[in-house]
Amino acid sequence: MNQYQEPPGRFLEVIVGLVTTFIALIFGGLFLLLVLNGGLKYVTFIGGAFLLLATYWFLVVSVRLVLNKPNKHGGLFSIGGLRFLSAFVGISALIVAPLALYMGHWGALIGTICLSVGCYQGWQMAGRRGTA
């Protein structure tokens with residue numbers, strides 16, 4: 001077993017959990033700023049929904065790390081959460097790929113392709129967890 005396959009240790013899990021708690025607090029604060037200053041517009045509603053989703057997601061990860069509450073299927077994310085994250089990031093990368101091609105950013109194009117492949121692997125991993 002090499003260093004990348006070994007568990008990180010409890011201390012590192014708590015540190016990452018505290019960092020994700022801080023990130024969740026930032027997203028929550030951004031949501032409050034948006035609600036207080038944005039007015040009632042559909043863009044505010046959509047942006048607020050994304051900020052609340054990000055806040056919830058980072059809070060779930062931080063609770064699992066800090067309180068050592070493992071997921072019943074293993075890993076930090078549920079099967080549905082891993083599939084949603086893989087689909088969202090993968091589709092977003094595929095949407096950005098033509099823009100990167102049009103603008104001539106070859107590094108960004110290669111990055112979006114690699115990100116899409118990684119998201120496909122994440123989707124497959126979620127499928128293997130569901131059957132196990």
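The protein has a radius of gyration of 18 Å, whereas a compact globule of 132 residues would have one near 14 Å; the radius is taken over C-alpha atoms, and the globule rule is 2.2 Å times the number of residues to the power 0.38. The model is a predicted one, in which local features need pLDDT of at least 70 and side-chain atom pairs count only at pLDDT 80 or more, while totals for chains, interfaces and linings use all residues. Residues are numbered from 1 along each chain as its sequence is written, and side-chain values use heavy atoms, with hydrogens and water left out.

Along the principal axes, the C-alpha atoms of the protein fill a box of roughly 45 × 40 × 30 Å. The protein contains four helices and zero strands, so defined as DSSP runs (H or I, at least four residues, for helices; E, at least two, for strands) numbered from the N terminus. Read from the N terminus on, the order of elements is α-α-α-α. Of the 132 residues in the protein, 21% are buried, where buried means under 20% relative accessible area, exposed means over 50%, and partly exposed lies in between (1.4 Å probe, protein chains only). Among the contacts in the protein with a separation of 6 or more, 62% come from residues 24 or more positions apart; a contact here means heavy atoms within 4.5 Å.

Helix 1 covers residues 10-38, and its 29 residues should span 42 Å at 1.5 Å a residue; the end C-alpha atoms are 41 Å apart, which agrees. The expected span is 1.5 Å times one less than the number of residues in the helix. Buried positions in helix 1 are G17, T20, A24 and G38, and what covers the buried residues of this helix includes helix 2 (42-66). Just after helix 1 comes G39, with a positive phi of about 80°.

Helix 2 tells a matching story. Its 25 residues should span 36 Å at 1.5 Å a residue, and the end C-alpha atoms are 36 Å apart, which agrees. In helix 2 the buried residues are T44, G48, L51, A54, T55, F58, V61, S62 and L65, and they pack against helix 1. T55 counts as buried because its relative accessibility is 12%. Leaving aside neighbours within four places in sequence, T55 is in contact with A24, F27 and G28. Helix 2 is followed by N68, which has a positive phi near 55°.

The structure holds four aromatic pairs, a pair being two rings of Phe, Tyr or Trp (its six-membered ring) with centres within 6.5 Å; planes under 30 degrees apart count as stacked, over 60 as edge-to-face and the rest as tilted. One of these is the tilted pair of F50 and F88, at 6.2 Å centre to centre with 40° between the planes. This pair links distant parts of the chain, with F50 in helix 2 and F88 in helix 3 (residues 79-103), 38 residues apart. F50 is partly exposed because its relative accessible area is 46%, and F88 counts as partly exposed at 41% relative accessibility. The ring centres of W57 and F58 are 4.8 Å apart and their planes stand at 75°, so the pair is edge-to-face. W57 is partly exposed at 29% relative accessibility, whereas F58 is buried, with a relative accessible area of 17%. Ring pairs also join F27, W57 and F58 into a cluster.

A charged side chain meets a ring as well: R83 lies over the face of W123, at 5.0 Å from the ring centre. The criterion is NZ of Lys or CZ of Arg within 6 Å of the ring centre and within 35 degrees of the ring normal.

The cysteines complete the account. The structure holds zero disulfides, a disulfide being a pair of cysteine sulfur atoms within 2.5 Å. C114 is in no disulfide, and the nearest cysteine sulfur, that of C119, is 11 Å away. C114 is exposed, with a relative accessible area of 52%, whereas C119 is buried, at 11%.
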